[in-house]
Amino acid sequence: MTSAAGTGRRRQDVVYRAGVYGRHPRVPTVYRALAREAERRLDARAHGYVAGGAGDEATQRADRTAFDRWSVVPRVLRDVSRRDTSVELFGRRLPAPVLLGPVGALELVHPEGDLAVARAAAAVGVPMVFSNQASVPMETTAAAMGDSPRWMQLYWSTSDELVESLLGRAEASGCDAVVVTLDTTMLGWRPRDLDLGHLPFALGKGIAQYTSDPVFRRLVEERAAATAARPTGAAAGPVDRQPRPNLAAVRALVGMARAWPGPLVENLRSPLPRAAVETFLSIYSRPSITWADLAWLRERTRLPIVLKGVLHPDDARRAVDEGVDGLVVSTHGGRQVDRSIAALDALPDVVDAVADRVPVLFDSGVRSGADVLVAVALGARAVLLGRPYAWGLGVAGEDGVRQVVEDVLGEFDLTLGLTGHTAVDQLTREALRRRP
C-alpha cells in the first residue's frame, strides 16, 4: 500500500519491461478502446445487456458529463515519493478506495463469469460485491477468494423467507457487508434488451444465487407440484397459446436445464428448471418495500447494511437516522431511470447530509483512476467499479479483469501523487475546480 515505487510505478514497470520483448497489455488501458474491443468480441445480447441503459440513455451520458464538469488542480514541490492509497471500511483496511460492484448475469460475457472476477479481485486484494443475480453461487466465489474481502448484494424478494436465507448464506460466506439495492424494485425500461427480446433471467442465466438456495428450491418444487395438479380443460382457465417450438426455444430450454443443479439429461425431462425461471420471475423483486422494512432487515443480520441507489439528501439523512451503516450514491449505471440526476452531481449533497456519520460510497460513470480521485475528493469513501471490469472479463477473462483493476489502481496512485497528495484522506474538494 505504501512504497517508494507505488502501485502506479510498479504497474508501469511491468508494462514497459514486457514491451522490450514485444509484448503489450492484453486489454486496452483506456476505457473507450476497452469498450470497443469488448463490443467486437461479444455477441449482441451480451453487449447490449452490459452496455445498455434506461430509455434514451440520457442518465448514462449525464453520469459521464458530470465528471467532465470537474477539473483536478495539481500542486507542486511536495514530497510525494511515498504514497498510501489504502482506506478502511467496516474494520478492514483495503489497498485502495475501489471495490468491484455487482454485475449480474456475467456468464453472458465469459463462461467463468463471477468465478473469474472473484479470483482476479482476490489477486489484487480489492473487495468484490457478489451480485444477487450471479451466475455462480456465493459459496463457490467465496471459496475462490480465500480470506480476501467480499460483500453481498441483496435484491429484496417478495419472499421474506428467501431474503432471510440469502442473508444467512452471506454471513456464512464471510461477507463483510450486505448492499441492499433500492433502485431496482422493478426493472427499468431498457430498449437495448427489449429490442432483442432478451432478459437473461428468463433463460435461466444469472439466477445461481436462487437455484442454490434451499428456500428457493422448495418454492420451485411447490410451484411445479401445483402446476402438475392443476386440472385440464375448461376448469383450468384460458389456454396459454405458445408459438410452435423452434431452435431458439430449444436452446432456451437447454439453458434452463443447465441452470438447475443436477445432470442435464435428467433436468431436460424435469419440470423444475422451467419452474425455477417462473418462480424467479414471480418473486423478483419487491416494489412495496419501505423505510419500515429496514428494522426487519436489521433484526436478521449482524452484517453492516449499506443502501445502494440513494440520490436525495433527505433520503440519506433518513437512512442514517434509521440506523443503516453506509450508503452508495448510484444511478445503477444509468440502467433504471432515464433523465435521472447524475450520480456525481448528487454526491456532494448526500455527503453533506450524512455529515460523516456513515461512509458514503459511489458508483455510476467511473471509468479510470482519475475518476476515482474526483469522486473521493467530492466525499466518497470508496467507489464501485462496474462496466470497465465487465469489459475486461469479456476481452480476456480473469486476466482481463485483473489488468483493468490494476490499471485503475495504478492510475489512481499516480494521480494522487501528481496532484501533490500522499494519502487518500488528504483529498478534499479543494483539490478540484468546477468548470464554468
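In the UniProt record, an unreviewed entry, H332 is listed under "active site"; positions from this record follow the numbering used here, feature names are shortened, and annotations may be inferred rather than shown by experiment. The model is predicted, so local features need pLDDT of at least 70 and side-chain atom pairs count only at pLDDT 80 or more, while totals for chains, interfaces and linings use all residues. Residues are numbered from 1 along each chain as its sequence is written, and side-chain values use heavy atoms, with hydrogens and water left out.

H332 lies in the loop between β11 (326–329) and α16 (343–354); helices (H or I, at least four residues) and strands (E, at least two) are DSSP runs, numbered from the N terminus. H332 is buried because its relative accessible area is 12%, and buried means under 20%, exposed over 50% and partly exposed in between, with a 1.4 Å probe and protein chains only. The side chain of H332 makes polar contacts with the side chains of D183, at 2.9 Å, and T184, at 3.3 Å. A polar contact is a pair of N or O atoms within 3.5 Å; within protein, one must be able to donate a hydrogen and the other to accept it, and residues adjacent in sequence count only if both atoms are side-chain atoms.

Y155 is found in the loop between β8 (150–154) and α7 (160–172). With a relative accessible area of 7%, Y155 is buried. Leaving aside neighbours within four places in sequence, Y155 is in contact (heavy atoms within 4.5 Å) with residues including T184, Y284 and H332. The side chain of Y155 also makes a polar contact with the side chain of Q153, at 3.3 Å.

S157 lies in the loop between β8 and α7 and counts as buried at 3% relative accessibility. A polar atom of the S157 side chain lies 3.0 Å from the backbone nitrogen of S159, and one lies 3.2 Å from the backbone oxygen of I283.

The buried residues of helix α10 pack against α7, α9 (208–211) and α13 (272–283).
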